[in-house]
Structure formats: C-alpha cells, structure tokens
Amino acid sequence: MLTRIVLATLPLVPKQLMRKIASRYIAGETLEEALARLTGLAQRGHPGIIDVLGEGIADEREARAVAANYVEAARAVAAAKLDCYVSVKPTHVGLTISEDLAFELYSLVARACSGLGLFLRVEMEDHPTTDGTLRVFERLRAIHTNVGIVLQARLFRTIDDIDRLAKGPLDVRMVKGIYLEPAAIAHTDPIRIREAFVQCVEKLVGRGARLSLATHDEHLATSCIEILRANERPADSYEFQVLLGVREELWDRWKSDGHTVRVYVPYGPDWQAYSLRRMRKNPQIVGHVMRKMLSFR
Ligand code: FAD
C-alpha cells in the first residue's frame, strides 16, 4: 500500500530531491561524473562496469546516437586506464526496431571495445526480448571474442538456454532477473529463484563458462562459492558484481575474502525517467530505496 502511494507521488517529487535519492545508485548525468565515480571505486580496489541509462529506443537515429555514446564512454574509460567494461541493454541499441540493427550497433561497440582491450556485456531485459537478445548475442559471439551475456535465474527457460547456447568460450553474468515476469514462465517465489540460480551456476561451471555472480544475496553467494571451490575454479575465472550504492558492507567482506567485486556504474541524462520506469516495473526497488533513506539497514 505504502509502496503504491510512493509510486503514485514520485513524479511530484522535486527533481533536486529525486536526484539526491538517486545519487546513491546513479553516478550522475555526464560521462565525467561516471568516470569520477569509477576512479573513486578503483582507488578502493573495485573494478567497474559502465552503463549509459536508457532502454526501449524506437527511433533508429537515436539508437545510433546511443551506440556512439557507448563508443565515447569506452574510449574515455580506456584513456583513464580504468579496469572497467561496457554493458549495453539490447533495446537501447534498437532491438525493438530490428534484430539486424541491434546486431549492427552491438558490433560497432564490440569492435571499438576490442581495439581498446575492453569487454562488452549484452544485458538481458524482459521476456519478450529474450529470444532476440540471445540470437543477437550468438551472432556477435561468432565474430567477437570480447562479448558476454546476462542470464536470468527467474525464467524457467534459462536452464535450457544454457544448453542451447553454442559450444565454445562463454562469459555469463548470472542474475536473478529484475523484471517481474508472469508465473506461467518464471519463478515468483524468492526461494525457487535462488535455487534456480544455483542450478544455472552448476550447469555453467560444468561447461567451463566464465562467471559473474551479480547478486547482493549473501546466502546465495555462499552457495555459488561452494560450487566454484568444489570444482576447483581459480579465483580469476569468476567475480562478484554489485550495483552502485547497494550493500557496500558486502563488497568489503567479499573483497577481503579474496574475491573480485566489480561495481556497476550507470549514468546519463535519462536518469529520472529511467528510475521511475524501473520502480514501476519492480516496486521492490521502492522498498530498498526507502529502507536506505530511513537507514533501516
Ligand atoms: P535480492 O534478494 O533482490 O537482494 C538481496 C539483498 O540486497 C536485499 O535483501 C536488499 O537488501 C539488497 N538489494 C537488492 N537490490 C537492491 C536495490 N536496488 N537497492 C537497495 N538494496 C538492494 N537484471 C536483469 O534482469 N538484467 C540485467 O542485465 C541485470 N544486470 C545486472 C548487473 C549487475 C552488476 C547486478 C548486480 C544486477 C543486475 N541485474 C540485472 C539485477 C538483478 O537481476 C537483481 O534484480 C538484483 O541484483 C537484485 O537481486 P539480488 O540477487 O541482489 O537479490
């Protein structure tokens, strides 16, 4: 109920206050602000991931401009000698317009990243985009060695998608999945989502994939580390990935245990509309933000 009220009144919150709330999770509006945040994280021993906020682009020219922004971000990250890679949402580079356009623009970013020695992650959005995203990723993987994908434990299909992905080197960011999906196609019980995550990790370890465990769920992280240790996976074959501003006490603990903890740093002028869209799609995020503001944890 409270979440619904907060969601309904969020558009009325003054931009300055929204910005203050969002600044914990979003680096700022400009590339310079993102670089400053990444540099601060690097000084604390955390490599980064750079993401330009946005999604659902319906205009080809806009999608091309987004790809150019990503190339600019990649060049800036390389020039600053940051250990940081680039992460791109498929609908931000035109997947809703056409798969060919998304493939073309991902290829452009992948080529630029490759020339700079950087990695490119293809992110995963809601279920109507899953097939298209996997097809674009497979086309990219056939040409570029510096690309990886995101897989969502929440979706029933994911465990079989791992088998369907072509043989060869594979780099996966495993997530629970941020989009609330229909019960007919996805786990809705948090315990089942966690179990599915562990099953996917087991399968990915079995096929020798490089793994990014993108979670702030300590219990889940412990189960995954047990699987990696039981399979004698070296520390450089996996890493933890976390969102800017979320459970920083965990980052330090994992880091002092010898794990790499890479931080996702989103930025861009679209931050306000993007934050609102995200909160509407998954009202749990409102709860997280409110708890942080009230310092309950
Ligand atoms: P949860 O059970 O949701 O959270 C564990 C604990 O962490 C909670 O108790 C809470 O205290 C805290 N927490 C979690 N999220 C927040 C938050 N936003 N604010 C404050 N506290 C929080 N999802 C996709 O669908 N596609 C992607 O491409 C994608 N990329 C991601 C990249 C990274 C680096 C990360 C870390 C996540 C990504 N996600 C993506 C989101 C992911 O799917 C989950 O929604 C998100 O990580 C929360 O799940 P959790 O595993 O941390 O577990």
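This is a predicted model: local features need pLDDT of at least 70, side-chain atom pairs count only at pLDDT 80 or more; totals for chains, interfaces and linings use all residues.
**View 1. The whole chain, for orientation.**
The chain has 12 helices and 8 strands. It runs to 297 residues, and 53% of them count as buried. Among contacts with a separation of 6 or more, 74% are between residues 24 or more positions apart. The chain exposes about 13800 Å². Carbon and sulfur atoms supply 56% of that area.

**View 2. The shell around the ligand.**
There are 23 residues around the ligand. Which of them come nearest? They are M124, K176, G177, T215 and H216. By type, the shell divides into 11 nonpolar, 6 polar and 6 charged residues.

**View 3. Polar atoms at the ligand.**
Three residues are picked out here: M124, R173 and H216. M124 uses its backbone: a polar atom there is 2.8 Å from a nitrogen atom of the ligand. R173 uses its side chain, with a polar atom 3.2 Å from a ligand nitrogen. H216 also uses its side chain. An N or O atom of that side chain is 2.8 Å from an oxygen atom of the ligand. How much of the ligand does the protein bury? Taken alone, the ligand exposes 930 Å², and 86% of that is buried by the protein. Strands β4 (147–152), β5 (171–175) and β7 (238–243) are the elements that give two or more residues to the shell. Of the elements, β7 gives the most, with 3 residues.

**View 4. Q241 in strand β7.**
Q241 is found in β7, the strand that gives the most residues to the ligand shell. Is Q241 buried or exposed? At 3% relative accessibility, it counts as buried. Its side chain makes a polar contact of 3.1 Å with the side chain of S212. Leaving aside neighbours within four places in sequence, Q241 is in contact with S212, L213, A214 and T215, among others. Its other contacts include I49, Y85, R121, R173 and R262.

**View 5. L220 in helix α9.**
L220 is found in helix α9. It is buried, with a relative accessible area of 0%. Which residues does L220 touch, beyond neighbours within four places in sequence? The contacts are K176, R194, F197, V198 and T215. R194 is 26 residues from L220 along the chain, yet their C-alpha atoms are separated by 6.5 Å.

**View 6. The buried face of helix α10.**
Helix α10 covers residues 248–256. Its buried residues are L250, W251 and W254. Seen down the helix axis, these residues fall within an arc of 105°, so they line one face of α10. What do they pack against? Their partners are α3 (31–43), α9 (218–230), β7 and β8 (261–267). G258 follows the helix, and its phi is positive, near 95°.

**View 7. T130 in helix α6.**
T130 lies in helix α6, which covers residues 130–141. It counts as buried, at 2% relative accessibility. Leaving aside neighbours within four places in sequence, T130 is in contact with M124, L155, R157 and D161. M124 has a backbone atom 2.8 Å from a ligand nitrogen.

**View 8. Two loop residues with positive phi.**
Most residues other than glycine have a negative phi. K81 has a positive phi, near 55°, and is not a glycine. It lies in the loop between α4 (60–79) and β2 (84–88). K81 is exposed, with a relative accessible area of 74%. E232 is not a glycine, but its phi is positive, at about 50°. Where is E232 placed? It is in the loop between α9 and β7. E232 counts as exposed, at 71% relative accessibility.

Definitions and conventions:
Residues are numbered from 1 along each chain as its sequence is written. Side-chain values use heavy atoms; hydrogens and water are left out. A residue is near a molecule or strand if one of its heavy atoms lies within 4 Å of it. A polar contact is a pair of N or O atoms within 3.5 Å; within protein, one must be able to donate a hydrogen and the other to accept it, and residues adjacent in sequence count only if both atoms are side-chain atoms. Accessible areas come from the Shrake-Rupley method with a 1.4 Å probe; for residues, only the protein chains shown count as cover. Helices (H or I, at least four residues) and strands (E, at least two) are DSSP runs, numbered from the N terminus. Ala, Val, Leu, Ile, Met, Phe, Trp, Tyr, Cys and Pro count as nonpolar, Asp, Glu, Lys and Arg as charged, and the others, Gly among them, as polar. Buried means under 20% relative accessible area, exposed over 50%, partly exposed in between (1.4 Å probe, protein chains only). Contact means heavy atoms within 4.5 Å. The arc is that of the directions from the helix axis to the C-beta atoms.
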